[in-house]
Amino acid sequence: MIRFAEKNTAITGVGMSDVSRGATGSALALTVDAAIEAIADAGLTRADIDGIATWPGERADGSGFSPVGCAALQDALRLEVNWYGGGGEAPGQYGAVFNAIGAIAAGLCRNVLIFRTMYEATARKTAYANSLLREGQRQAGPFSWYAPYYTYAAALQQALFFNLYVHKSGITPEQVGQIAVNQRRNAALNPKAIYKTPISLDDYLASPIIATPLRLYDCDVPIDGAAAIIVSRMDVARDLRNPPIRIEAIGSSMRYRNSWTQLAELDTQAQPRVAEMMWGRTDLKPADVDIAQLYDGFSFHTINWLENFGFCERYGAKDFIEGGRRIALDGDLPVNTGGGALSGGRLHAYGAVHEACTQLWGRAGARQVKGDPRICATSTSGGPLAGAMLLVRD
Amino acid sequence: MTAEPSRILPVIDRDSEAYWTWGREGRLAIHRCGDCGYYVHPPVPFCPQCESRKVAPEAVSGRGRVVTFTVNHKAWVPRLPVPYVLALVGIDEQNDVRIPCNIVDCAPEDVTFGMAVEAVFEPSGDLWIPLFRPVQS
C-alpha cells in the first residue's frame, strides 16, 4: 500500500479544560488548561511543541465561536514553532489536523498542538450572540444568499438538508430520537458532560420544534471549554508515554460544489465522497471499526455519517438505530460514547476526537467500551464541510 | 410597540446586483452563458461548462419547484413572527440552480416537496428581495 502521509502521524496526548455553561475563567485560560494537559499527557514539554494548528482561527466577533487563535495561544505559552496555521477554509473542523499532517510530512514539525476553543455559553448571555445576523448590518459573502430570509442560525440551513433526508429516507421522529437518548445515557457516565440526567424517547418527542424536523434535543449544547490534542511524527510518537493512536486514514476531499445552497447532495451533505476517500487510504473496512465518534452538531449529522461511513446502507440508518441497542455502549457499534456534543457539550468535533482517544487508551471509566476497542472512526460535518479520520491503536 | 425585525440585506457587488434589483420590474435575474445557455448561479462571469466569459444576467420565468424546506418555529430574536418557511427552490429552467427564499402567501403546513412556486418581490431598502409563493395561474 502507498505510504499516505497520515500514516506517519499519531495522536500522542489529549487535554480538555473544564466544560461549562458559564466559565469563571477566560477563553484563553481554558485553552491554556487544555493545551498544557495535552502536552503533559503526551509526556512532552512546551519546548517540544514545534507547530500549532486550529480551526477556524480567531474570530474576534463576540460570538464565542472561536475566541482564541494560534497567535494568542502561542504567545500565552511562549512556544517557538516552525509552523502554525488556523483558518476556517478547510474540509471541516478536522481541517486543522489535516494541516498538521501536512506540516509533519513537509518536515516542518515533530509535535503539533491542535486545539479548539468555544466560549458560546458566555457569549450567548449577551443580547444578540445566538444570531448569525446583525440587525442593521449588511451580510457579505456566501451567507448573503440566505441573509434576507430570517436565517438566524445554522440550524435553519441544516434543517433544509435534514428535512429532505427525512423525506427521502422515511425515518421517524422515534428513530431519530434514539441518537439523543443514547448520548444522554452515555453522558450520565461522563464526569465532564453538561447534561447527565437521562431522557426518554417521550422527553425527546416532547422537546420543542426548532425548525422542522429539528427538535431542541437534536441540537448540540453551547458551552465554554477547550480541547487539545498533540499530533506527533510516528518515530517521535513511539518513544512517548502513551501507545500511539495512529491516524490510519483521512478523508479531506471536496468533490461537490462548495456551497450551502448549490451542494449537489443536500440530504447526505458532503460526506459520501469524504468517506470514500478515507476508505480508499486503508485496508480496514467498516466492519473492523470498534467505536464511532460521529459529528453531532445536530443528531442528523450522526445519522448521515452512519450511512456514509458504510455502517449501514443508504437510508438504512433508521433501522440501524431503531431501539438504540446497536449504538449503545454495549452495542455492535458504540456511538458518541461520552455523550457527544448533544449532551457532553459543543466542542465542535474536538470533544469527539478527545473521547476517541480516551476510549482507545482505556481511560473512559464507567463509560469505557468493553473488549479493548482499538479502531475508531470519527468525523465532522455541516453542509459542504466534511472531514473524516480513522484512528487505530495497535 | 416596536416593529418586527426587518430583513437583513446582502452586500451586493457587480455580479449579484441584477439578482437583487431586477425585482423592481418583476424580473428574476439569473446569470446565463451566452454561448452554451448554461445558467450560472451564484452569478459569476465565467461558464463552468464551456469556459465562456459571455455570461450575463437574464430574466427567467420565475417559476420553480420546492427542492426542500423547513418550517421555523423558534423566535430567534424578539418580535420575530413565527412560524415561517425557509426553502430552497430549483428554477424550472435548470433545477440545479437553487434559490434560498421564504415561501409566502401559503400556510406553512401546506408547503410540500416539489410544490410549484413562482417568484414575487418585496422591496427592502434599495433592493428587491425574491420570495416565492404557490403558482396561482
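Guide: A nonpolar core is a set of buried Ala, Val, Leu, Ile, Met, Phe, Trp, Tyr and Cys residues joined through C-beta atoms within 7 Å. The model itself is predicted.

Visitor: Of the 160 residues in the largest nonpolar core, which touch the most other members?

Guide: The largest nonpolar core holds 160 residues. Helix 5 of chain A, residues 154-169, gives the most to this core, with nine residues. The members that touch the most others are Leu113(A) and Ile114(A).

Visitor: Which residues does Ile114(A) touch, not counting those up to four places away in sequence?

Guide: Once residues up to four places away in sequence are set aside, the list for Ile114(A) includes Ala53(A), Thr54(A), Ala96(A), Val97(A) and Ala100(A).

Visitor: Why is chain A described as being as compact as a globular protein of its length?

Guide: Chain A has 13 helices and 11 strands. The globule rule gives 21 Å for 394 residues, and chain A comes close to that value, so it is as compact as a globular protein of that length. Its C-alpha trace spans about 50 × 50 × 40 Å along the principal axes. The radius of gyration on which the comparison rests is 19 Å.

Visitor: What percentage of the residues in chain A is buried?

Guide: A residue counts as buried if 20 or more other C-beta atoms lie within 10 Å of its own. Applied to the 394 residues of chain A, this criterion gives a buried share of 58%.

Visitor: In what order do the elements of chain B run from the N terminus on?

Guide: Chain B contains one helix and eight strands. Read from the N terminus on, the order is α-β-β-β-β-β-β-β-β.

Visitor: What is the radius of gyration of chain B?

Guide: Along its principal axes, the C-alpha trace of chain B spans about 50 × 30 × 25 Å. For 137 residues the globule rule gives 14 Å, and the value for chain B is close to this, so chain B is as compact as a globular protein of that length. The radius of gyration of chain B is 16 Å.

Visitor: Is strand 1 of chain B largely enclosed or exposed?

Guide: Leu28(B), Ile30(B) and Arg32(B) point one way from strand 1 of chain B, while Ala29(B), His31(B) and Cys33(B) point the other way, and all are buried. Because six of the six residues of this strand, 28-33, are buried, the rest of the structure leaves strand 1 of chain B largely enclosed.

Visitor: How many bridges join strand 1 of chain B to strand 3 of chain B?

Guide: Strand 1 of chain B also pairs with strand 2 (residues 39-40) of chain B, antiparallel and through two bridges; there Arg32(B) has Tyr39(B) as its bridge partner. In strand 3 of chain B, Val60(B) is the bridge partner of Leu28(B). Strand 3 spans residues 55-60 and runs antiparallel to strand 1, and the number of bridges joining them is six.

Visitor: Which residue in the turn between strand 1 of chain B and strand 2 of chain B has a positive phi?

Guide: These two strands of chain B form a hairpin with five residues between them. The positive phi, about 85°, belongs to Gly37(B).

Visitor: Which elements give two or more residues to the side of chain B that touches chain A?

Guide: The contact involves 28 residues of chain B and 30 residues of chain A. On the chain B side, 18 residues are nonpolar, six polar and four charged. The elements asked for are strand 4 (63-72), strand 5 (84-91) and strand 6 (94-102) of chain B.

How values were computed: Residues numbered from 1 in each chain as written. Chains lettered and ligands numbered in written order. Predicted model: local features only at pLDDT ≥ 70, side-chain atom pairs only at ≥ 80, totals over all residues. Contact = placed C-beta atoms within 7 Å. Helix = DSSP H or I, 4+ residues; strand = E, 2+ residues; numbered from the N terminus. Nonpolar A, V, L, I, M, F, W, Y, C, P; charged D, E, K, R; others polar. Rg over C-alpha atoms; globule rule 2.2 N^0.38 Å. Buried ≥ 20, exposed ≤ 12 C-beta atoms within 10 Å, placed from the backbone. Pairing = 2+ DSSP bridges.
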